[in-house]
Amino acid sequence: MSDNKKTYWKGVEQLTNDPAFVKNAESEFPEFLPINQNEEGGSNRRDFLKLMGFGIAAASLAACEAPVRKAIPYVNKPVDIDPGIPNYYASTYTQGGDYCSIVVKTREGRPIKIEGNDLSKISQGGVNAQVEASVLSLYDNERLREPQKEGSAISWDDLDKEVATKLNSITAQGGQIRIVSNTVLSPTTKKVVEDFTAKHPTTQHVVYDSHPMEGALVANEASFGTRMIPSYHFGKAEVIVSFGADFLGTWLSPVEFTKQYSKTRKLNNGKKTMSRHYQFEGNLSLTGANADYRTPLKPSDEAKAVVALFEALSGKKSSIPNIDKAAADLKKAGNKSLVVSGSNDPAVQMVINGINSMLGSYGTTIDADKPVHYKQGNEKAFDQFVADAKAGRVAAAIFYNCNPLYNTKAGSELKEALSKISLKISTADRPDETAIAMDYIAPDHHFLESWNDANPVMGTYSFSQPAITPIFNTRQAQESLMKWAGVAQPDYYTYLKDSWTSALASAGKTWDHILHDGVIEIDPPAEGETEEDQANPQGVSVSQAIQQINANYKGSGVELSLYQKLGIGDGTQANNPWLQEMPDPITKATWDNYLTVSQAWATENNVQFVEGKSNMAKLTVGGNTITLPIVIQPGQANGSVGLAVGYGRTSAGKVANSVGVDAYPLVNKVNGVSSFDIMIGVSIEVLPETYQVAQTQTHQTYMGRETVIQEATLQEYQKDPGAGRYHAHVATWQEESGETSPGTLSLWKGHKYKNHHWGLAIDLNSCTGCSACHVACQSENNIPVVGRQEVLNRRDMHWIRIDRYYSSDAEAGDLRGLEVAAENPEVTFQPMMCQHCNNAPCETVCPVAATTHSTEGLNQMTYNRCIGTRYCANNCPYKVRRFNWFKYHDNAQFEDINTAMSNDLGKMVLNPDVTVRSRGVMEKCSLCVQRIQYGKLEAKKEGRKVKDGEINVACASACASDAIVFGDMNDQDSKIYNMLKIKDTEKADYLIEKEIGEPRAYHVLDAIGVKPNVSYLTKIRNKDKA
Amino acid sequence: MTQKVTVTRVLFFLLFLITLSFSHYTSYAQDEEIPTEEARISEGESLFKGNCQSCHKVHEKLVGPALKNVYDRAPSIDWIVNFVWNSQKMIADGDEYANELWDEYQPTQMTAFPTFSRDQILSILAYIKAETEAGPEVVADVAAAGDGAQPAGDAIPSFYLNAIMIGLVVVLVLILLVLILITSVLRKYLNQRGELDEDDREIVNPTFSFDGLVKSKPFIFLVTFVFTAIVFKVVINQLFAVGVQVDYAPKQPIAFSHELHAGQYEIDCQYCHTGVRKSKSANIPSPNICMNCHSAIKTESPEIQKIYAAIENDKPIEWVRVHNLPDLAYFNHAQHVQVGNIECQDCHGPIEEMEVVRQHSLLTMGWCIDCHRQTEVNTKGNAYYDKLVELHDAESKEALKVEDIGGLECSKCHY
């Protein structure tokens, strides 16, 4: 042992901190041990023994030395940055037309977490899984380090010179230039494009969306005279009818709609009414899972159902289930109703407009005067571009942050046509499917490195500011366009600021003000037209549309519905392992896409489902054939199958490549618009090969265990707020009648919480299952990604899971039948994390006291004490403890999966306040103890009490539906105290019991008496009959 | 001659009168302006120590001038206030006295303190006045020297004690050797004389044999046991010492002396370690903090040149971390210094005496826990603790210790 007074160097490498040395210093063995190599490989047993001997000697030597650690201060410390204190910057997430106003948490200049921005009236502090995960995409190792010319590096100066020369000569010759992009929310970016067009007058800006809303745009143009999509206010609707629009998951603006929708689902503080939601759809979507009445319909019937509803409102009876009922409810609700459709067919959208107009929704739940800009794609323009390219009429194409070779149906056509375009440039951040086919790649910054603005809704502007200095030698795409257009301003920041000067001055705001708030509302200039004119669409062409629908919608054979998953979306962020491993809230599947089929179809086609494995299928649509796994999906409309897009990437990066199959080539074109429903020409062959999709939950129903899920209908609730509650009773020696609640009996003395008593309340009625909390938790708590195989081994590490339960048609006694979900099940989502039991079963079995109870109600997990017996996990009734079967960080085996812990770049996302766990220790939800400690310290530093809402856990702060509420149950002013209507009852000297007064509140598995600090509120369905 | 003397006298008299009237006037003004209340003086003291001390002393010239009598020297109190608020502006505006100072001290600029209120500056002046009137800290110096001597005095006897003990042992061993020698010589002599009877022979040549003892089983057992126990203890001690780096004092890239800066110049710790009251890390100062003084002081020193090099090359100084906690332990300076009101020295030792910083405390978990068991919570004036204090006082007469409010719980430091 050294006396630690001297510093020992292993060699010059250590002294100079040689990167190779630093890398090896971390690994367990200095080099790869050739254990499995034979004589031919050049090494034998003796070499192995020599190596072992050396290894042991080296290891024991190394053990004697304390590593020399450096403390490196800034050269010039920025005033605002103090190591150890987070800084928050308001910014904006945009991904094509997806929008969310965010606050970025940075530590020592590195963004580590994304939170919602409460000041935004659109996203209102909510986020979704993709927004939460986007911080990891910033540190994606696949991002380009510098500009590229035909696959090799080039300097920006050379690139600019070459591109400018070529563009100038093309312009001089009158060659056509196209800028292709997804929806651009930024008005200033559009201005840059205009400047570019001014310099190169043959330029046209072609906008497309991977999931276009051409149908709605065209229909609204016919109805209102403007090509736009109106604002929707789900919060003002008493009756919501949706035809295949997954507005809580992926449709238009899900965060905004979830915020609005959840407000209508809250039952508390005397509010005893909630909205009623009908859903007609083919695949079971997240929105469908939350609906009060859901009717599974195959795509061809879905459009007919729209017509049927239109006709039912005029009194015609319909044979489609729930249509008449919906019509009656809609009529009753009058203008407080909202009907939406996810269809891209203008005819369907015309009828929807007709229905909404008939109900008078315009002006209340739909605001046509405030159009939203989320979807600006013009399919005709894009098709024209592809045609022009094929005909050799395009001389130059600039692909601004879009990937049409992957996410459009025309991708393959366009790929062939590229050879006819003489100058091809992409601004993609990685060599994606489109970018690798380009002459030049001028990589754009990540949005967290960029300046930008956004105009999501008319009159609302949102700003992006960089939260980190650009990591690589990238350049903002707008700046590239400015350079090529010869714009005077030196950079996009100046350009942006200049273009806002006058608008801000007239709005009475300063630049700093908008950077602080992130959002600003500026009243749009009043237009000449009166509101009345705009508010009601002309219903002239509805009858024509109905005729079209009746003529067009004829299904034959099985029909295919393509959909987006919540995590992967359209596939842009596919290389994000957090999203890949996030279980889909409906199928609970990770790392794959698959064909969802109904139970009836599976039985009919003899699909075997044994021990998680099911047959593969060969899906043929038109000329495209793909082989993919099958998942039997309760609630899937008979005669239809579903398949998610966004998978099967070939050039996204190590994480996403070859995960799943690419479904974009299957997209259909009907009358010039894309259709994600393929109604004719779908054939499926069930193959003998089997495949197991990595699902985190395979048990579909809770088998009638009322101790887990408690639910009631609204009518029952209105009569008795405690309806649906299940109260277990036992007899005791003192009281033999059997009236004692087993939860009140205890062997333990209980805990006395003198200062704080942290707890969670989860409203099952508001929870939509969107899984934003899931990714937020992963981001906050440095949770590793384990990959498909380990998920199959049931070793996923997520601290919070969203349990999804289906109702069963079976009788209470039919145990086998209870395992089978219903054909069209009711769905309940239950976020499940450590329940922080007061009588925790895990604490009593730990042989080393690594898990203990705190004086604030937390069940503490001490990693450095844990020896990995796993007794605690076995004894946990909620199965929320996770064991580190491997060292997931710096492990070559998980390098391509767990990117946040495998390379220097990825590690920048880790939360420095949370330990990265090593092999052999148990972990679980800590109730974000680091945030609790931080919040308490802030209060102590200021010499005051902790204010309610000041401390919030990651899951609760991410929750767009405000279903999770965290707080101090000792604080009588706290939200949770009042939500649960807590009464303190002092039972004995040593024991303070909390009695929960809210009749809806219950503890999961209450009867076993573990007394959790997490309470759930019953699920209430707005259904007529019990 | 006499004439000249008279003229001089008259001149002196006039000067005296003018000075008198002036000083009377100023002192009158001061009496009105510079407060004398204890509270203001102590407020001034803490402000002075927190903000001024790194450049000014009351009785000595440091980076800036000595401040004694500054209220008499300077043109007016208003002048001082304005100078503190923004000295550069005054120099630029062509203020005569300010420019004189600038000529003397340039290129060192006085940091502007626009955030100080006029009252705060007056408090500082009150402190300076009190200090000026108290005179240079001769007594304090003596006391300080005495303080310094005290531990040395403690150290000397213990050193002597050790020396005496070792000397005694050596003497005793020598006596033992001499005695053994004498007995063996005597025994030889008696045996050679051969005139002893049986009894005497037995006494001279006892049957007890040393060899026999050494080879006896109990003896071997005893020796083995003692040896094993010692080895065991040493191994255990060594194992416990793994990762404990007490007295770790690595050579730093720049020979910065805390003894000089914190000890001799009494620069407040927070002046450089800016995060200590607000953040989990105390912060190693960045070179721009060094430059506050060293843009003018000791610019030729090769060690200071290293700072310039760092700034010029934009390459940070890679200090060697002295206090290393394992990653699994969370420690927050603000909690201890700001909230707990603990002195830096409590954990870091007499840092103001260290030429090279060394680790003073064990920094083991046992060390943390011990302190949490003994330390009383600094609840005074902190509303956060009100409820805890109230409940604790109702139950116990003992003071509220850190352990009483969960200071020994795992998740306070491990998460």
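Predicted model: local features only at pLDDT ≥ 70, side-chain atom pairs only at ≥ 80, totals over all residues.
At the contact between the chains, 43 residues of chain A meet 49 residues of chain B. On the side of chain B that touches chain A, two or more residues are contributed by each of helix H11 (217-241), helix H14 (287-294), helix H15 (302-313), strand S1 (319-320), helix H16 (333-339) and helix H19 (386-395) of chain B. The largest share of this side, four residues, is supplied by H16(B). Classified by residue type, the side of chain B that touches chain A comprises 22 nonpolar, 18 polar and nine charged residues. Strand pairing also links the two chains: strand S1 (residues 70-71) of chain A is joined to S1(B) by two bridges, and the two strands run antiparallel. Within this pairing, Trp319(B) of S1(B) is the residue opposite Ala71(A).

Within chain A, three strands form an open sheet in the order S2-S3-S4, with antiparallel pairing. Strand S2 (87-95) and strand S4 (110-116) of chain A are the edge strands, each pairing on one side only. On average, and with direction ignored, neighbouring strands of this sheet are turned by 40° against each other. The antiparallel pairing of strand S3 (residues 98-107) of chain A with S4(A) extends over six bridges; Val104(A) has Ile114(A) in S4(A) as its bridge partner. Helix H4 (residues 129-138) of chain A lies across S2, S3 and S4 of chain A and runs at about 165° to S4(A).

A further arrangement in chain A involves strand S19 (residues 460-464). This strand is largely enclosed by the rest of the structure, because five of its five residues are buried. In a regular strand, side chains alternate between the two faces of the sheet. Both faces of S19(A) are covered, with Thr460(A), Ser462(A) and Ser464(A) buried on one side and Tyr461(A) and Phe463(A) buried on the other.

S19(A) is joined by four bridges to strand S18 (residues 452-457) of chain A, and these strands run antiparallel. Val457(A) is paired with Thr460(A) in S19(A) as its bridge partner. S18(A) and S19(A) form a hairpin with two residues between the strands, in which Gly459(A) adopts a positive phi near 90°. S19(A) is also joined to strand S20 (residues 519-521) of chain A, through three bridges and again in the antiparallel sense. In that pairing, Glu521(A) of S20(A) stands opposite Thr460(A).

Note on methods: Residues numbered from 1 in each chain as written. Chains lettered and ligands numbered in written order. Contact = placed C-beta atoms within 7 Å. Nonpolar A, V, L, I, M, F, W, Y, C, P; charged D, E, K, R; others polar. Pairing = 2+ DSSP bridges. Axes fitted to C-alpha atoms, helices over the stretch in contact; angles between N-to-C directions. Buried ≥ 20, exposed ≤ 12 C-beta atoms within 10 Å, placed from the backbone.
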